[in-house]
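Welcome! Here is a short tour of a protein model, meant for someone meeting it for the first time. Take a look at it before reading on.

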Amino acid sequence: MLTLLADFPHDTVAVRAAGVLCGTDYQQVLVPEIEQKLQDHACIRLWYEFDPDFQGITVGTLWHDAVLGFFHLSDFSRIVVLADDTRMRGMAQTLAGMIPCPVKVFPLQMREQAKVWLNEESVTV
């Protein structure tokens, strides 16, 4: 299940993944929120938090995640992933190398440091 999180800047999509993620989580929660934010912003930031009770992702959801990445990959200016599970952290760090914006993975106890990093201005060289 994906839940939208409040108390983030208007240019940020913030979600928490808990239990088992399925395709409808992407279709009904994540994609509409991304598309709504993109109506007001050329680029947005993504906060993706894995709850300690996160159990996994269905195969169909992996497809939705790939489609989301294909259509919105260049729409993100910065991505934060918060997870304590070592498998999720490793997967996020591996995928970070394939994403054209800064991505940083934090453990859940570093939530405040993650918020500071997410809200930093991106430096273009």
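In this briefing, two residues are in contact when they have heavy atoms within 4.5 Å of each other. Please keep in mind that this is a predicted model.

- Phe 106 belongs to strand 5, which covers residues 103-106.
- Its relative accessibility is 5%, so Phe 106 counts as buried, the limit for buried being under 20%.
- Beyond its neighbours within four places in sequence, Phe 106 is in contact with Val 80, Val 81, Leu 82, Ala 83, Arg 89, Gln 113, Ala 114 and Trp 117.
- Take Val 81 from that list: 25 residues separate it from Phe 106 in sequence, yet their C-alpha atoms are 6.2 Å apart in space.

**Helix 4**
- Helix 4 is made of residues 111-119, and its buried residues are Ala 114, Trp 117 and Leu 118.
- These residues lie on the same side of helix 4, because they cover an arc of only 100 degrees around the axis.
- Glu 112 and Val 116 are exposed and sit on the face of helix 4 turned away from its buried side.
- The cover over the buried residues of helix 4 includes strand 2 (12-21), strand 3 (44-57), strand 4 and strand 5.

**Arg 78**
- You will find Arg 78 in strand 4, residues 76-82.
- With a relative accessibility of 6%, Arg 78 counts as buried.
- A polar atom of the Arg 78 side chain lies 2.8 Å from the backbone oxygen of Trp 117.

**Helix 1**
- Helix 1 has 16 residues (23-38), which should span 22 Å at 1.5 Å a residue; the C-alpha atoms at its ends are 21 Å apart, in agreement with that.
- There is a kink of about 30 degrees at Leu 30 in helix 1, shortly before the proline Pro 32.
- Among the buried residues of helix 1 are Tyr 26, Val 29, Leu 30 and Ile 34.

**Aromatic rings**
- Searching the whole structure turns up four aromatic pairs.
- Ring pairs join Tyr 48, Phe 50 and Phe 54 into a cluster.

Methods
Residues numbered from 1 in each chain as written. Predicted model: local features only at pLDDT ≥ 70, side-chain atom pairs only at ≥ 80, totals over all residues. Heavy atoms only, no water. Helix = DSSP H or I, 4+ residues; strand = E, 2+ residues; numbered from the N terminus. Buried < 20%, exposed > 50% of the residue type's maximum accessible area, 1.4 Å probe, protein only. Expected span 1.5 Å × (residues − 1). Bend = angle between axes of the 7 residues up to and from the residue. Polar contact = N/O pair within 3.5 Å; in protein donor to acceptor, adjacent residues only side chain to side chain. Arc of directions from axis to C-beta. Phe/Tyr/Trp six-rings, centres within 6.5 Å; stacked < 30°, edge-to-face > 60°.
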